[in-house]
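Please find below my notes on the model, arranged as numbered points for discussion.

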Amino acid sequence: MRKIFTKISITALALTPLANDISFWAMAVRSRLTTSKVVDAALELVDEQGVEGLTLAAVAARTGVATPSLYKHVASLADLRGHVGVRLLEEMAERFTRAVLGLAGDEAVAALMHAYRAYVNEHPKRYAAMPMDPLHDELQRAAGMKLMEIQLATLRGYGIEGSAAIHATRRLRVIVHGFASIESSGGFGLPEGLDDTYDQLIRMYLNDLRGTR
């Protein structure tokens, strides 16, 4: 009996450091987790599985924590999607800024439209998660305004301001969103070059801007 008790005691003592190590590392993972890292993991899931694959359980598994630990960083799945939307808007704003830097007029608008199309084709699953109306969302409003301001700035060289500028940005969005969304989903099956079609759309839009005052 004493031998059995001694064996159990030794085993328990041997396992205690292991349990402590596991607990320590679990706490370390939780302490290193930030909202930004949670969003990073969410974007990885979106890239792999689309927005349908974005769940709190999947993000928790990706970051190595239990699902309740995520609530220190996001309030809900909807809140997480809101943060993802902010990141996507910021990504696109950065892409637009680089594209139009040092350009004006037709060159700036054409560069912006090419950058927009390229983003959709490079990140179709991320683009599908892009918020459609960020200006009416408290979390996303600032990022949405920054993205819109870049577009509005490219129009000032045409003397387009106020309501006319808003209408012009909407037309640009319809053109690029429509074309790039169909393109990225493989919807253009005929052999004529897509770049040629897109260049025609850009020229059409530029001509439209010259007639807008």
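This is a predicted model: local features need pLDDT of at least 70, side-chain atom pairs count only at pLDDT 80 or more; totals for chains, interfaces and linings use all residues.

1. Residues are numbered from 1 along each chain as its sequence is written, and side-chain values use heavy atoms, with hydrogens and water left out.

2. An unreviewed UniProt entry places the feature "DNA-binding region" at residues 55-74; such annotations may be inferred rather than shown by experiment. Over residues 55-74 the model has 40% helix and 0% strand, and the end C-alpha atoms are 12 Å apart. Helices here are DSSP runs (H or I, at least four residues), as are strands (E, at least two), numbered from the N terminus.

3. The largest pocket has a volume of about 480 Å³, a pocket being an open set of points on a 1 Å grid where a 1.4 Å probe fits, with protein on both sides within 12 Å along at least five of seven lines. Its lining (residues with an atom within 4 Å of a point) comprises 21 residues, of which M132, P134, M148, Q151 and R173 lie nearest the centre.

4. Helices α4 (77-100), α7 (141-155) and α8 (162-184) each supply at least two residues of the lining of the largest pocket, and the largest share, five residues, comes from α8. By class, this lining has 14 nonpolar, four polar and three charged residues.

5. The axes of α5 (residues 105-122) and α7 come within 8 Å and cross at roughly 150°, and α5 and α7 are therefore roughly antiparallel to each other (angles over 145 degrees count as such). In this pair, A108, V109 and L112 of α5 meet I150, Q151 and T154 of α7, where contact means heavy atoms within 4.5 Å. The residues of the contact of α5 with α7 divide into four nonpolar, two polar and no charged.

6. For α2 (residues 35-49) and α4, the axes come within 10 Å and cross at roughly 85°; α2 and α4 are therefore roughly perpendicular to each other (65 to 115 degrees). Residues making this contact include T35, V38 and D40 of α2 and L80, R87 and E91 of α4. The contact of α2 with α4 has seven nonpolar, three polar and three charged residues.

Note on methods:
Grid points are joined across faces, edges and corners, and a volume is the space filled by probe spheres set on the points. Ala, Val, Leu, Ile, Met, Phe, Trp, Tyr, Cys and Pro count as nonpolar, Asp, Glu, Lys and Arg as charged, and the others, Gly among them, as polar. Axes are lines fitted to C-alpha atoms, for helices over the stretch in contact, and angles run from 0 to 180 degrees between N-to-C directions. Angles under 35 degrees count as roughly parallel, over 145 as roughly antiparallel, 65 to 115 as roughly perpendicular and the rest as oblique.
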